[in-house]
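Good morning, colleagues. I would like to take you through one structure this morning, going from its helices to its aromatic rings and then to a few loop residues.

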Amino acid sequence: MSYVAPLKDMLFVMNELAGLSAVNALPNCEDATPETVEAILEENAKFCGEVIAPLNHSADKEPSFWHDGKVTTSKGFKEAFRQFADAGWQGVQHPVEFGGQGLPKLVATPCIEMLNSANLSFALCPLLTDGTIEALMTAGSDEQKKTYLENFISGKWTGTMNLTEPQAGSDLALVRTRAVPQGDGTYKISGTKIFITFGEHDMAENIVHLVLARTPDAPEGVKGISLFIVPKFLVNADGSLGARNDVHCVSIEHKLGIKASPTAVLQFGDHGGATGMLVGEENRGLEYMFIMMNAARFAVGMQGIAVAERAYQKAVAYAKDRLQSRDLAGSAGAVTIIHQPDVRRMLMSMRAQVEAARALAYVAAAASDAGHHHADEATRKANQACYEFLVPIVKGWSTEVSVDVTSTGVQVHGGMGFIEETGAAQYYRDARILPIYEGTTAIQANDLVGRKTVRDGGAVARDLIEQMRATEAQLAAIDSGSYAQDLEVIRKRLADAASSFEAVVAYVVANFKADIKGVFAGSVPYLKLSGVVLGGWQMARAALVAAGKLQAGDGDASFYKAKIVTARFYADHILTQAVSLQAAIVEGSAGVLALTEDQF
């Protein structure tokens, strides 16, 4: 089965929940009309479905390989990347002045989702290039922007992020890669970087590495890290490619999933030192890299939603086709397994979680657009704060959801799900990296607690709770006819979940200083609670819109009825987890921390 983009749901979320019309009204977003956006999404869906998706299974079977310092990507990748770049897909959200289309993040987000649903391994190359563009747009010099950005957006060159070293994973204070100034404005870079996605490949003319390194007189710890541009091929003054730089791929990893994406070990400076150019100021490298990491973290959250959607589609197709057992209510012979109640439960769980995660991510993207483009400064700041609060949730919760959903997809297939030929297992294997790279779920949770909740005393969280209460009031007020019971249950579940969220935010803020280990013992459950509740809020909003559409006789009745039913399922089966998560967070730290090291 090939991938079919869920365009109807994407457009519903964009228009009804994320507020595409309001984004279109922002300064510099005038081109993002509903008609234009729908045309873009349709074209992207066609490209991803016809060009990229067919490479997914074959590339998993015959992944990229390394030989004598060079990486050859999976069959079809090089040609598909050229088509991707030539069609302008790398530049959807990037500035027009460098060859991009300058469209809002809300428009780029479903394009990112579709590309990752089609082929997660392939999509990692443009994902890292997007992050490189973001970093240079913010911290690069005018000359660096002129030299690199147009080549990135055109797909002639690609970008990478080089943080991790053998001894320095999440703790970047341990970075040892050296950068020695040469007196001519350049630096000699030496050291080893690992886990470098698309650090070597054959799909572009040049690969430009953004590298964290220390200068000789840098202060210790993270305050002494600088950021450098280290291209595979040096760039001449006229923009042409020059000599080969002293950066080499010495191996690629053999992985559980995303096998077609080459994960490189890069050696800098084995033959005299790689030439690097400083980005911004010395010792501010981690600050600049976080720009790239935040862009990548949101995109990884979209990867989670994307692979979960693909697994859901696969499971539905199998459940409609697989004959097994009789209907519990009685039947003459075997029926397809979609008639069995527990298979329905699994499919609804997959569907509801994907729709909730998608809605929350698209709403976050719209907040980012308002944070960048709104004419009013206070509104910009409020939306940017909201977006920054949501990023660790989009990344952490959506990727954890993807592991759950893709695992359920294997379960729907039964024994055939454990057999590689069906394809269900690939989604599970591919998803497993998502809660790990670009900052583990625990790192996202620590960010949510420390920087996003405690730092502002819970202000952004409380504002979101107020908005949930407003939705609750709307659910109580609507005259919804035959769906009154569903909406009342959704309202009650949302009210209870919002109360749990409110209680946990208060606990985190009040106890952070007095019992910091106790608070962080519940940080990942807090992140999950936030995702479950905020996702449930979006599902409740979707149900409200759908009920209004049904009342007005506006549009596809079957689609809107399914929206309400899916929101009801989410409220009963997912949103009810909030109360137990509250208990685990507020009262559960003692059990986490009670045993001594020797007792483990």
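Let me begin with helix H1, which is followed by Gly19, a residue whose phi is positive, near 75°. Please keep in mind throughout that this is a predicted model.

How many of the eleven residues of helix H1 (residues 7-17) are buried? Eight of them are, so the helix is largely enclosed by the rest of the structure. The buried residues are Leu7, Asp9, Met10, Leu11, Phe12, Val13, Met14 and Leu17. As for what surrounds them, the buried residues of H1 pack against helix H2 (20-24), helix H3 (34-52), helix H6 (105-118), helix H10 (341-373), H17 and helix H18 (557-573).

H17 brings me to the next element. Helix H17 (residues 523-552) packs with helix H15 (residues 484-511), the axes being 10 Å apart and the angle about 150°. Because angles over 145 degrees count as roughly antiparallel, H15 is described as roughly antiparallel to H17. The crossing of these two helices, H15 and H17, is left-handed. On the H15 side, the contact is formed by Leu487, Ile490, Leu494, Ala497, Ala498, Ser500, Phe501, Val504, Val505 and Val508. On the H17 side, they meet Tyr526, Leu529, Ser530, Val533, Gly536, Trp537, Ala540, Ala543 and Ala547. By residue class, the contact of H15 with H17 comprises 16 nonpolar residues, three polar ones and no charged ones.

The axes of helix H5 (residues 77-86) and helix H7 (residues 120-139) come within 11 Å and cross at roughly 50°. That angle makes H5 oblique to H7, and H5 passes H7 in a right-handed crossing. H5 contributes Phe77, Ala80, Phe81 and Phe84 to the contact, while H7 contributes Ser121, Phe122, Cys125 and Pro126. The residues of the contact of H5 with H7 divide into seven nonpolar, one polar and no charged.

Several of those phenylalanines return when we turn to the rings. Ring pairs link Phe47, Phe77, Phe81, Phe84 and Phe122 into a cluster.

How many aromatic pairs does the structure hold? There are 13 aromatic pairs, and I shall describe two of them. Phe298 and Tyr387 form a tilted pair, 6.0 Å centre to centre, with 45° between the planes. This pair links distant parts of the chain, since Phe298 belongs to helix H9 (residues 285-321) and Tyr387 to helix H11 (residues 377-413), 89 residues apart. Phe298 counts as buried because its relative accessibility is 1%. Tyr387 counts as buried too, at 8% relative accessibility. The other pair, Phe559 and Tyr560, is edge-to-face, at 5.5 Å centre to centre and 75° between the planes. Both Phe559 and Tyr560 are buried.

Most residues other than glycine have a negative phi. Where do we find positive values in residues other than glycine? One is Asp68, with phi near 55°, and another is Phe198, with phi also near 55°. Asp68 sits in the loop between strand E1 (65-67) and strand E2 (70-72). Phe198 is placed in the loop between strand E5 (186-197) and strand E6 (206-213).

Phe198 leads on to Ser261, which touches Ser121, Leu124, Thr197, Phe198 and Lys255, leaving aside residues up to four places away in sequence. Ser261 lies in the loop between strand E10 (247-252) and strand E11 (263-268). With a relative accessible area of 1%, Ser261 is buried. Ser121, one of its contacts, is also part of the contact between H5 and H7. To place Ser261 relative to another part of the chain, its C-alpha atom is separated by 22 Å from that of Val405, 144 residues apart along the chain.

Asp238 is exposed, with a relative accessible area of 66%. Asp238 and Thr147 are 91 residues apart in sequence, and their C-alpha atoms are 9.2 Å apart in space.

That concludes my presentation. Thank you for your attention.

Definitions and conventions: Residues numbered from 1 in each chain as written. Predicted model: local features only at pLDDT ≥ 70, side-chain atom pairs only at ≥ 80, totals over all residues. Heavy atoms only, no water. Axes fitted to C-alpha atoms, helices over the stretch in contact; angles between N-to-C directions. Helix = DSSP H or I, 4+ residues; strand = E, 2+ residues; numbered from the N terminus. Parallel < 35°, antiparallel > 145°, perpendicular 65-115°, else oblique. Left-handed = near helix turned anticlockwise from the far one by under 90°. Contact = heavy atoms within 4.5 Å. Nonpolar A, V, L, I, M, F, W, Y, C, P; charged D, E, K, R; others polar. Phe/Tyr/Trp six-rings, centres within 6.5 Å; stacked < 30°, edge-to-face > 60°. Buried < 20%, exposed > 50% of the residue type's maximum accessible area, 1.4 Å probe, protein only.
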